[in-house]
Amino acid sequence: MKGKSANTPNFEQLRKEFPLLAHKTYLNSGSYCALANAVRSAIEAYMEDRLLLGANWDAWVEKNEAVRNLMARLLHASSDEIAVTASVSAGLNALASAFDFRGERNKVVVSDFEFPTNAQIWHAQEPRGAQIVHVAPSVDGYIPAEAFGEAIDERTQLVAITHVCFRNGAKLDIPAIVQMARRKGARVLLDCYQSVGSMDIDVKALDVDFAVGGMLKYLLGTAGIGFMYVRRELVQALLPTNSGWFAQCDIAAMDITANRPSLSARRFEAGTPPVVNCYASEAGLKLLLDVGASAVEERVRALTRGCMERLTEIKWPSVTPTLDAHRGATVAVPSRDSRGLTAELMSRGIVTSYRDKNVRAAFHFYNNWEDIESLVSALTQLRSRFSPAPMPKRPRAGS
């Protein structure tokens, strides 16, 4: 690696904050992040509070609000535009309940790159009148922006799309897709679970209406907690029927006579917040913001590019797009037995995951060049057993 600028974080020093990295080559942040010391300490602090105080509701609500404020900073949004949810599914179900599909605008456009949640929940609205349209990949495996232009029309109410595909690491051209949606009067939902925390996401610059994600991957937190961004101008026009007491305007009122939703994005929340997960997520978000989203994005881009170059050198190229603009934090390695290869790598202390016929190596700022070499060395040794069968040459996805 070339010389660092004065503003470049000391990534080798930061690696020491993740004890797992001392004995594992951890390339699985797209499934679950490595545990940071600060996050572990935050969880232990929650346990201490429980032992010393029992119920500490004031502090717990403050933790929930801290997560809201930190997510707003990370997304370049305002705190009143952020809902803290139990999961992406919880946020999307609340949002879907606020949509009316009985009119002419009953169409929801999704891509074939979606995580199941972001397709299943919209398909679940079909009995309410929703028509779900899928945009398929082209022959090279990528979905170009122009493919959405054929699907988005005057009947489209929502374009619900992933930022980065969980299967192959391909990153969609969100600005171009948003422009197409705007021309047809449609709103845009961005599922950024596979991108937020690994790149700098400005929801205002992207001009999306909604964004969802969770804390257990690149946000360095834990499971059981997520977020949803709702553009301020849309909040009060959307009345979710999936609700709960933390979605109310005055939580302390304990009013059982009516539904009086919050004037902010909190109206998309539900019941008791995920308290211990708020402790963990606050610590993870603080660490991530200290490192800096732009620095993380630059680091991850360099690592993924370096990994793909090394894979090409050993003649086992990735199926992930080579263009930086078309790639997230995951490098997908094709295999004739992706499950078996993942298990074999695990036996060698290299933690990855698999989807379809690909092994996923998902990078974060705490990874380094030695991690790449460990993976490439293992793949070189395992080529005869696990590399894909010879296939006719075709263009690389999104290259």
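Helices (H or I, at least four residues) and strands (E, at least two) are DSSP runs, numbered from the N terminus. With that settled, here is the model.

It is a predicted model, in which local features need pLDDT of at least 70, side-chain atom pairs count only at pLDDT 80 or more, and totals for chains, interfaces and linings use all residues. Residues are numbered from 1 along each chain as its sequence is written, and side-chain values use heavy atoms, with hydrogens and water left out.

I start with two loop residues. Asp207 sits in the loop between helix H8 (203-206) and strand E7 (210-214). Asp207 is not a glycine, yet its phi is positive, about 65°. Is Asp207 buried, exposed or partly exposed? Its relative accessibility is 34%, so it counts as partly exposed; buried means under 20% relative accessible area, exposed over 50%, and partly exposed in between, with a 1.4 Å probe and protein chains only.

Lys315 also has a positive phi, about 60°, and is not a glycine either. Its loop lies between helix H11 (293-313) and E9. Lys315 is exposed, with a relative accessible area of 70%.

Next, the strands. Strands of a sheet pair through backbone hydrogen bonds, either parallel or antiparallel. Here, two strands pair if DSSP finds at least two bridges between them. Strand E5 (residues 156-162) and E6 are paired in the parallel sense over five bridges. Leu158 is opposite Arg187 in E6. Of the five residues in strand E6 (residues 187-191), four are buried.

Then there is an open sheet of three strands, in the order E9-E12-E11, with antiparallel pairing. Its edge strands are E9 (330-334) and E11 (353-355), each pairing on one side only. From one strand to the next, the twist averages 35°. E11 and strand E12 (residues 358-362) are joined by three bridges. Tyr354 has Val359 in E12 as its bridge partner.

Last, the helices. Helix H12 (residues 338-347) packs against helix H13 (residues 369-386) at about 135°, with axes 11 Å apart. Axes are lines fitted to C-alpha atoms, for helices over the stretch in contact, and angles run from 0 to 180 degrees between N-to-C directions. H12 and H13 are therefore oblique to each other: angles under 35 degrees count as roughly parallel, over 145 as roughly antiparallel, 65 to 115 as roughly perpendicular, and the rest as oblique.

Which residues of H12 make the contact? They are Gly340, Leu341, Glu344 and Leu345, where contact means heavy atoms within 4.5 Å. H12 also lies across E11 and E12, at about 40° to E12.
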